[in-house]
Amino acid sequence: MEKTWRWFGPSDKVTLEMMRQIGVEGVVTALHRLSPGELWTEAAIRAMKERIEAAGLRWSVVESLPVSEEIKYAGPRRDALIDTYIRSLENLGRCGIHTVCYNFMPVIDWVRTDLERPMPDGSLSLYFDYVRFAWFDIKILGREGAERDFPPEVVEKVEALDRVATDADRSQIVDTIITKTQGFINGPLGGDGSPVEKFRALMAPYAGVSKAQLRENLRYFLEAVLPVCREWDIRLCIHPDDPPMPVFGLPRIVCDADDIRWLLSAVDDFHNGLTFCAGSLSAGAHNDVEAMAREFAPRTHFVHLRSCNLLPGGDFVEAPHTAGRVNLVELVRIFEREGRELPMRVDHGKTILGDEAVGYNPGYGFHGRMLALGQVEGMMAAVRDEIKRSKI
Ligand code: DNO
(Lines give C-alpha, C1' and ligand atoms only; values in the text may rest on other atoms or scores of the structure.)
Protein backbone atom coordinates (compact mmCIF):
# COMPACT_ATOMS: atom_id res chain seq x y z
CA MET A 1 0.00 0.00 0.00
CA GLU A 2 0.99 3.59 -0.49
CA LYS A 3 1.26 5.64 2.70
CA THR A 4 -1.01 8.65 2.35
CA TRP A 5 -2.19 11.42 4.64
CA ARG A 6 -5.26 13.62 4.55
CA TRP A 7 -4.35 17.26 4.11
CA PHE A 8 -6.91 20.06 4.31
CA GLY A 9 -4.94 22.44 2.12
CA PRO A 10 -2.72 25.44 2.84
CA SER A 11 -4.62 26.37 6.01
CA ASP A 12 -4.01 22.91 7.54
CA LYS A 13 -1.74 23.14 10.58
CA VAL A 14 0.02 19.98 9.42
CA THR A 15 2.23 21.11 6.56
CA LEU A 16 3.40 19.15 3.54
CA GLU A 17 6.95 19.40 4.91
CA MET A 18 5.89 17.74 8.18
CA MET A 19 4.22 14.95 6.25
CA ARG A 20 7.30 14.34 4.19
CA GLN A 21 9.53 13.99 7.22
CA ILE A 22 7.39 11.22 8.67
CA GLY A 23 7.44 9.10 5.54
CA VAL A 24 4.17 10.03 3.87
CA GLU A 25 4.25 9.32 0.12
CA GLY A 26 0.93 10.53 -1.20
CA VAL A 27 -1.46 13.33 -0.30
CA VAL A 28 -5.21 12.96 0.05
CA THR A 29 -6.96 16.26 -0.41
CA ALA A 30 -9.73 18.21 -2.12
CA LEU A 31 -10.38 21.73 -3.32
CA HIS A 32 -11.83 22.51 0.07
CA ARG A 33 -12.62 26.10 -0.77
CA LEU A 34 -15.21 25.11 -3.36
CA SER A 35 -18.74 24.20 -2.32
CA PRO A 36 -20.42 20.99 -3.40
CA GLY A 37 -21.74 21.48 -6.94
CA GLU A 38 -19.04 23.91 -8.07
CA LEU A 39 -16.91 22.98 -11.06
CA TRP A 40 -13.31 21.91 -10.37
CA THR A 41 -11.46 23.65 -13.16
CA GLU A 42 -8.34 22.24 -14.68
CA ALA A 43 -6.41 25.35 -13.59
CA ALA A 44 -7.45 24.99 -9.93
CA ILE A 45 -6.61 21.28 -9.91
CA ARG A 46 -3.22 21.92 -11.51
CA ALA A 47 -2.37 24.65 -9.02
CA MET A 48 -3.04 22.29 -6.10
CA LYS A 49 -1.14 19.47 -7.78
CA GLU A 50 1.89 21.65 -8.40
CA ARG A 51 1.92 22.88 -4.83
CA ILE A 52 1.97 19.28 -3.57
CA GLU A 53 4.64 18.22 -6.04
CA ALA A 54 6.83 21.21 -5.16
CA ALA A 55 7.00 19.73 -1.64
CA GLY A 56 8.23 16.40 -3.03
CA LEU A 57 4.91 14.58 -2.68
CA ARG A 58 2.15 13.54 -5.07
CA TRP A 59 -1.61 14.04 -5.06
CA SER A 60 -2.79 10.45 -4.80
CA VAL A 61 -6.46 10.68 -3.90
CA VAL A 62 -9.25 13.21 -4.04
CA GLU A 63 -11.26 13.01 -0.83
CA SER A 64 -13.88 14.07 -1.60
CA LEU A 65 -15.44 15.29 -4.76
CA PRO A 66 -18.70 15.98 -2.92
CA VAL A 67 -22.01 14.84 -4.36
CA SER A 68 -24.63 17.58 -4.01
CA GLU A 69 -27.74 16.87 -1.99
CA GLU A 70 -29.95 17.38 -5.04
CA ILE A 71 -28.23 14.46 -6.74
CA LYS A 72 -28.88 12.31 -3.69
CA TYR A 73 -32.58 13.16 -3.35
CA ALA A 74 -33.16 13.62 -7.10
CA GLY A 75 -34.06 17.30 -7.01
CA PRO A 76 -34.82 19.40 -10.10
CA ARG A 77 -31.18 20.38 -10.69
CA ARG A 78 -29.91 16.80 -10.53
CA ASP A 79 -28.90 16.45 -14.18
CA ALA A 80 -27.16 19.82 -14.30
CA LEU A 81 -25.22 18.97 -11.14
CA ILE A 82 -24.24 15.56 -12.48
CA ASP A 83 -23.04 17.26 -15.64
CA THR A 84 -20.76 19.51 -13.58
CA TYR A 85 -19.55 16.47 -11.64
CA ILE A 86 -18.64 14.76 -14.90
CA ARG A 87 -16.70 17.80 -16.06
CA SER A 88 -14.80 17.93 -12.76
CA LEU A 89 -13.91 14.25 -13.13
CA GLU A 90 -12.73 14.87 -16.65
CA ASN A 91 -10.52 17.73 -15.46
CA LEU A 92 -9.06 15.49 -12.74
CA GLY A 93 -8.36 12.85 -15.38
CA ARG A 94 -6.61 15.40 -17.57
CA CYS A 95 -4.39 16.32 -14.61
CA GLY A 96 -3.49 12.66 -14.00
CA ILE A 97 -5.47 12.12 -10.79
CA HIS A 98 -7.08 8.71 -10.83
CA THR A 99 -8.61 7.96 -7.44
CA VAL A 100 -11.70 9.85 -6.33
CA CYS A 101 -13.52 9.23 -3.05
CA TYR A 102 -17.09 10.41 -2.42
CA ASN A 103 -20.03 9.46 -0.24
CA PHE A 104 -23.77 9.21 -0.67
CA MET A 105 -24.89 9.94 2.89
CA PRO A 106 -27.92 12.25 2.97
CA VAL A 107 -27.33 15.59 4.75
CA ILE A 108 -24.91 14.40 7.38
CA ASP A 109 -21.52 12.77 6.87
CA TRP A 110 -19.89 11.14 9.92
CA VAL A 111 -21.50 11.38 13.38
CA ARG A 112 -19.79 11.55 16.79
CA THR A 113 -21.10 12.94 20.06
CA ASP A 114 -17.67 13.59 21.64
CA LEU A 115 -14.62 14.85 19.83
CA GLU A 116 -12.30 14.77 22.82
CA ARG A 117 -13.39 11.98 25.15
CA PRO A 118 -10.76 11.38 27.86
CA MET A 119 -9.32 7.86 27.88
CA PRO A 120 -7.81 6.15 30.96
CA ASP A 121 -4.28 6.71 29.58
CA GLY A 122 -4.80 10.48 29.37
CA SER A 123 -5.25 10.61 25.59
CA LEU A 124 -8.43 11.92 23.96
CA SER A 125 -10.55 9.97 21.48
CA LEU A 126 -13.52 10.37 19.22
CA TYR A 127 -16.57 8.76 20.78
CA PHE A 128 -20.20 7.95 20.00
CA ASP A 129 -22.60 7.95 22.93
CA TYR A 130 -25.86 6.33 21.89
CA VAL A 131 -28.01 7.98 24.56
CA ARG A 132 -26.69 11.46 23.83
CA PHE A 133 -27.16 10.83 20.12
CA ALA A 134 -30.80 9.85 20.80
CA TRP A 135 -31.18 12.91 23.02
CA PHE A 136 -30.02 15.16 20.18
CA ASP A 137 -32.46 13.51 17.78
CA ILE A 138 -35.50 13.43 20.08
CA LYS A 139 -35.11 16.58 22.14
CA ILE A 140 -32.94 19.00 20.19
CA LEU A 141 -33.73 18.23 16.59
CA GLY A 142 -37.22 17.35 17.81
CA ARG A 143 -37.75 15.03 14.86
CA GLU A 144 -41.30 13.75 14.64
CA GLY A 145 -41.52 10.11 15.68
CA ALA A 146 -37.81 9.97 16.59
CA GLU A 147 -38.52 8.15 19.87
CA ARG A 148 -39.91 5.22 17.87
CA ASP A 149 -36.42 4.66 16.41
CA PHE A 150 -34.90 3.88 19.81
CA PRO A 151 -35.49 1.12 22.39
CA PRO A 152 -37.73 2.17 25.33
CA GLU A 153 -34.84 2.01 27.82
CA VAL A 154 -32.88 4.50 25.71
CA VAL A 155 -35.90 6.83 25.48
CA GLU A 156 -36.14 6.69 29.28
CA LYS A 157 -32.50 7.65 29.63
CA VAL A 158 -33.07 10.50 27.18
CA GLU A 159 -35.88 11.83 29.39
CA ALA A 160 -33.63 11.65 32.45
CA LEU A 161 -30.79 13.36 30.62
CA ASP A 162 -33.06 16.09 29.34
CA ARG A 163 -34.17 16.93 32.88
CA VAL A 164 -30.63 17.68 34.02
CA ALA A 165 -29.05 18.98 30.78
CA THR A 166 -27.85 22.58 30.82
CA ASP A 167 -27.84 25.09 27.98
CA ALA A 168 -24.12 24.50 27.69
CA ASP A 169 -24.72 20.76 27.20
CA ARG A 170 -27.20 21.56 24.45
CA SER A 171 -24.88 23.92 22.62
CA GLN A 172 -22.02 21.43 22.98
CA ILE A 173 -23.90 18.62 21.25
CA VAL A 174 -25.16 20.90 18.46
CA ASP A 175 -21.69 22.25 17.96
CA THR A 176 -20.20 18.73 17.87
CA ILE A 177 -22.71 16.94 15.64
CA ILE A 178 -23.53 19.74 13.21
CA THR A 179 -20.91 22.45 13.26
CA LYS A 180 -17.53 20.92 14.09
CA THR A 181 -17.85 17.43 12.65
CA GLN A 182 -19.40 18.49 9.36
CA GLY A 183 -17.99 21.96 8.89
CA PHE A 184 -14.48 21.15 7.76
CA ILE A 185 -15.59 18.36 5.46
CA ASN A 186 -18.11 20.00 3.14
CA GLY A 187 -17.95 23.61 4.23
CA PRO A 188 -19.86 25.25 7.07
CA LEU A 189 -23.64 25.51 6.94
CA GLY A 190 -23.81 29.04 5.58
CA GLY A 191 -26.32 31.84 6.13
CA ASP A 192 -28.07 33.16 9.19
CA GLY A 193 -30.23 31.27 11.64
CA SER A 194 -29.53 28.49 14.07
CA PRO A 195 -27.59 25.40 12.95
CA VAL A 196 -30.50 23.22 14.08
CA GLU A 197 -32.97 25.09 11.85
CA LYS A 198 -30.62 24.84 8.89
CA PHE A 199 -30.14 21.18 9.56
CA ARG A 200 -33.92 20.63 9.62
CA ALA A 201 -34.24 22.50 6.32
CA LEU A 202 -31.57 20.29 4.73
CA MET A 203 -33.41 17.18 5.90
CA ALA A 204 -36.81 18.27 4.58
CA PRO A 205 -36.34 17.20 0.92
CA TYR A 206 -35.64 13.63 2.09
CA ALA A 207 -39.14 13.18 3.50
CA GLY A 208 -40.42 10.05 1.81
CA VAL A 209 -37.07 9.06 0.27
CA SER A 210 -36.79 5.36 1.13
CA LYS A 211 -33.68 3.19 1.12
CA ALA A 212 -34.81 1.71 -2.22
CA GLN A 213 -35.23 5.19 -3.70
CA LEU A 214 -31.84 6.36 -2.47
CA ARG A 215 -30.29 3.27 -4.04
CA GLU A 216 -31.94 4.09 -7.35
CA ASN A 217 -30.62 7.65 -7.12
CA LEU A 218 -27.11 6.28 -6.57
CA ARG A 219 -27.49 3.93 -9.53
CA TYR A 220 -28.65 6.86 -11.69
CA PHE A 221 -25.59 8.87 -10.64
CA LEU A 222 -23.18 5.98 -11.22
CA GLU A 223 -24.57 5.19 -14.66
CA ALA A 224 -24.09 8.81 -15.63
CA VAL A 225 -20.53 9.24 -14.36
CA LEU A 226 -19.00 5.84 -15.11
CA PRO A 227 -18.38 6.46 -18.82
CA VAL A 228 -16.05 9.37 -18.05
CA CYS A 229 -14.35 7.31 -15.32
CA ARG A 230 -13.66 4.55 -17.84
CA GLU A 231 -12.39 7.04 -20.39
CA TRP A 232 -9.90 8.63 -17.98
CA ASP A 233 -9.27 5.55 -15.81
CA ILE A 234 -10.71 7.21 -12.73
CA ARG A 235 -11.35 4.82 -9.87
CA LEU A 236 -14.37 6.13 -8.06
CA CYS A 237 -14.60 4.84 -4.51
CA ILE A 238 -17.58 5.37 -2.26
CA HIS A 239 -17.03 5.91 1.46
CA PRO A 240 -19.19 3.73 3.72
CA ASP A 241 -21.69 5.32 6.06
CA ASP A 242 -20.26 6.33 9.40
CA PRO A 243 -21.67 4.93 11.65
CA PRO A 244 -23.14 2.21 9.44
CA MET A 245 -26.80 2.67 10.29
CA PRO A 246 -29.61 5.05 9.36
CA VAL A 247 -29.50 8.28 11.37
CA PHE A 248 -32.17 10.93 12.04
CA GLY A 249 -34.66 8.99 9.94
CA LEU A 250 -32.49 9.44 6.85
CA PRO A 251 -31.81 6.33 4.80
CA ARG A 252 -28.23 5.10 4.47
CA ILE A 253 -27.15 2.60 1.84
CA VAL A 254 -23.50 1.67 2.45
CA CYS A 255 -23.77 0.01 5.86
CA ASP A 256 -23.03 -3.70 5.39
CA ALA A 257 -21.86 -6.42 3.03
CA ASP A 258 -25.23 -6.69 1.26
CA ASP A 259 -25.27 -2.95 0.58
CA ILE A 260 -21.77 -3.12 -0.87
CA ARG A 261 -22.66 -6.13 -3.02
CA TRP A 262 -25.65 -4.19 -4.33
CA LEU A 263 -23.55 -1.12 -5.04
CA LEU A 264 -20.81 -3.00 -6.89
CA SER A 265 -23.29 -4.90 -9.01
CA ALA A 266 -25.47 -1.82 -9.72
CA VAL A 267 -22.77 -0.89 -12.22
CA ASP A 268 -20.45 -3.84 -12.46
CA ASP A 269 -17.29 -2.06 -13.49
CA PHE A 270 -13.84 -1.92 -11.86
CA HIS A 271 -14.09 1.89 -11.82
CA ASN A 272 -17.12 1.69 -9.56
CA GLY A 273 -15.33 0.80 -6.35
CA LEU A 274 -15.05 1.19 -2.63
CA THR A 275 -13.13 3.17 -0.04
CA PHE A 276 -12.59 0.42 2.49
CA CYS A 277 -13.04 2.44 5.67
CA ALA A 278 -12.40 -0.20 8.31
CA GLY A 279 -13.20 2.29 11.07
CA SER A 280 -16.69 3.13 9.83
CA LEU A 281 -17.56 -0.48 9.11
CA SER A 282 -16.22 -1.61 12.50
CA ALA A 283 -18.70 0.67 14.29
CA GLY A 284 -21.48 -1.79 13.33
CA ALA A 285 -21.70 -5.02 15.36
CA HIS A 286 -23.24 -6.63 12.26
CA ASN A 287 -20.04 -6.22 10.23
CA ASP A 288 -17.33 -8.89 10.04
CA VAL A 289 -14.79 -6.41 8.77
CA GLU A 290 -12.05 -8.92 7.93
CA ALA A 291 -14.44 -11.06 5.86
CA MET A 292 -15.61 -7.92 4.09
CA ALA A 293 -12.04 -6.92 3.29
CA ARG A 294 -11.41 -10.36 1.78
CA GLU A 295 -14.55 -10.16 -0.33
CA PHE A 296 -14.23 -6.57 -1.50
CA ALA A 297 -10.45 -6.13 -1.88
CA PRO A 298 -10.60 -6.55 -5.68
CA ARG A 299 -12.92 -3.54 -5.94
CA THR A 300 -11.24 -1.47 -3.22
CA HIS A 301 -9.37 1.58 -4.51
CA PHE A 302 -8.57 3.37 -1.26
CA VAL A 303 -8.07 2.09 2.29
CA HIS A 304 -8.84 3.86 5.58
CA LEU A 305 -7.24 1.94 8.41
CA ARG A 306 -8.44 2.19 11.99
CA SER A 307 -10.83 0.32 14.22
CA CYS A 308 -13.51 1.03 16.79
CA ASN A 309 -14.36 -0.86 19.92
CA LEU A 310 -18.02 -1.48 20.64
CA LEU A 311 -19.19 -0.75 24.17
CA PRO A 312 -22.32 -1.76 26.08
CA GLY A 313 -25.46 0.23 25.33
CA GLY A 314 -24.63 1.03 21.71
CA ASP A 315 -21.65 3.33 22.35
CA PHE A 316 -18.42 3.02 20.40
CA VAL A 317 -14.97 4.49 20.76
CA GLU A 318 -12.21 4.94 18.20
CA ALA A 319 -9.54 2.58 19.51
CA PRO A 320 -5.75 2.77 19.20
CA HIS A 321 -4.67 1.15 15.91
CA THR A 322 -3.28 -1.92 17.68
CA ALA A 323 -6.21 -2.45 20.02
CA GLY A 324 -9.53 -2.29 18.17
CA ARG A 325 -12.03 -5.05 17.39
CA VAL A 326 -10.64 -5.43 13.87
CA ASN A 327 -7.30 -7.14 13.40
CA LEU A 328 -5.56 -4.50 11.33
CA VAL A 329 -2.59 -6.80 10.69
CA GLU A 330 -4.94 -9.11 8.79
CA LEU A 331 -6.35 -6.16 6.86
CA VAL A 332 -2.84 -5.06 5.92
CA ARG A 333 -2.18 -8.64 4.75
CA ILE A 334 -5.31 -8.65 2.59
CA PHE A 335 -4.64 -5.29 0.94
CA GLU A 336 -0.89 -5.86 0.53
CA ARG A 337 -1.67 -9.13 -1.25
CA GLU A 338 -3.94 -7.20 -3.60
CA GLY A 339 -0.65 -5.96 -5.03
CA ARG A 340 -2.01 -2.72 -6.51
CA GLU A 341 -0.18 -0.30 -4.19
CA LEU A 342 -3.54 0.86 -2.89
CA PRO A 343 -3.42 4.30 -1.30
CA MET A 344 -3.93 3.94 2.46
CA ARG A 345 -4.37 6.52 5.16
CA VAL A 346 -4.58 5.76 8.86
CA ASP A 347 -7.74 7.86 8.96
CA HIS A 348 -8.22 9.39 12.40
CA GLY A 349 -5.82 9.25 15.32
CA LYS A 350 -6.03 9.88 19.03
CA THR A 351 -5.45 13.38 20.33
CA ILE A 352 -2.17 13.24 22.25
CA LEU A 353 0.93 15.16 23.30
CA GLY A 354 -0.53 18.64 22.98
CA ASP A 355 -2.47 18.07 19.75
CA GLU A 356 -5.54 19.45 21.55
CA ALA A 357 -3.97 22.89 21.90
CA VAL A 358 -3.17 23.37 18.23
CA GLY A 359 -6.68 23.44 16.81
CA TYR A 360 -6.50 20.60 14.29
CA ASN A 361 -9.71 19.35 12.73
CA PRO A 362 -11.33 16.75 15.00
CA GLY A 363 -9.67 13.36 14.55
CA TYR A 364 -6.95 14.86 12.38
CA GLY A 365 -4.27 15.83 14.90
CA PHE A 366 -0.63 15.38 14.10
CA HIS A 367 0.90 13.23 16.84
CA GLY A 368 -1.94 10.74 17.08
CA ARG A 369 -1.94 10.09 13.36
CA MET A 370 1.84 9.97 13.25
CA LEU A 371 1.85 7.28 15.93
CA ALA A 372 -0.82 5.33 14.03
CA LEU A 373 1.12 5.64 10.79
CA GLY A 374 4.22 4.28 12.51
CA GLN A 375 2.22 1.34 13.83
CA VAL A 376 0.71 0.57 10.43
CA GLU A 377 4.08 0.98 8.74
CA GLY A 378 5.44 -1.67 11.11
CA MET A 379 2.57 -3.98 10.17
CA MET A 380 3.27 -3.37 6.49
CA ALA A 381 6.97 -4.16 6.88
CA ALA A 382 6.20 -7.44 8.66
CA VAL A 383 3.59 -8.44 6.10
CA ARG A 384 5.85 -7.60 3.16
CA ASP A 385 8.53 -9.76 4.71
CA GLU A 386 5.98 -12.56 5.17
CA ILE A 387 4.97 -12.32 1.51
CA LYS A 388 8.58 -12.29 0.35
CA ARG A 389 9.43 -15.36 2.41
CA SER A 390 6.37 -17.23 1.18
CA LYS A 391 7.69 -16.87 -2.36
CA ILE A 392 11.14 -18.28 -1.61
C1 DNO B 1 -14.30 11.66 8.31
C2 DNO B 1 -14.20 11.17 6.94
C3 DNO B 1 -15.42 11.37 6.08
C4 DNO B 1 -15.06 11.12 4.63
C5 DNO B 1 -16.18 11.37 3.65
C6 DNO B 1 -15.77 10.94 2.26
O7 DNO B 1 -13.33 11.76 8.97
O8 DNO B 1 -13.79 9.85 6.90
O9 DNO B 1 -15.90 12.65 6.24
O10 DNO B 1 -14.02 11.95 4.25
O11 DNO B 1 -17.32 10.71 4.03
O12 DNO B 1 -16.69 11.38 1.33
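The model is predicted, so local features need pLDDT of at least 70 and side-chain atom pairs count only at pLDDT 80 or more, while totals for chains, interfaces and linings use all residues. Residues are numbered from 1 along each chain as its sequence is written, and side-chain values use heavy atoms, with hydrogens and water left out.

Start with the whole chain. It holds 15 helices and 12 strands. These are DSSP runs, numbered from the N terminus: helices are H or I with at least four residues, strands are E with at least two. The radius of gyration, taken over C-alpha atoms, is 20 Å. The C-alpha trace spans about 65 × 50 × 40 Å along its principal axes. Of the 392 residues, 57% count as buried, meaning under 20% relative accessible area with a 1.4 Å probe and protein chains only; exposed is over 50%, and partly exposed lies in between.

The domain assignment, which is automatic or from a database, gives domain 1 (2-111 + 207-390) and domain 2 (114-204). Their C-alpha centres lie 24 Å apart. The contact (heavy atoms within 4.5 Å) takes 33 residues from domain 1 and 29 residues from domain 2.

Next, look inside. A nonpolar core is a set of buried Ala, Val, Leu, Ile, Met, Phe, Trp, Tyr and Cys residues joined through side-chain atoms within 4.5 Å. The largest one has 116 residues, and Y102, F221 and F248 touch the most other members. Domain 1 and domain 2 both give residues to this core, so it lies between them. Take F221. Leaving aside neighbours within four places in sequence, F221 is in contact with V67, I71, I82, Y85, Y102 and F104. A second, separate core has six residues, including W110, L115, F184 and Y364.

In α12 (residues 289-296), V289, M292, A293 and F296 are buried. Their arc, given by the directions from the helix axis to the C-beta atoms, is only 100 degrees, which puts them on the same side of α12. The buried residues of α12 pack against several elements, among them α10 (257-266), β8 (272-277) and α13 (328-338). In α8 (residues 195-203), the buried residues are V196, K198, F199 and M203. They cover an arc of only 160 degrees, which puts them on the same side of α8.

Definitions and conventions. Rg over C-alpha atoms; globule rule 2.2 N^0.38 Å.
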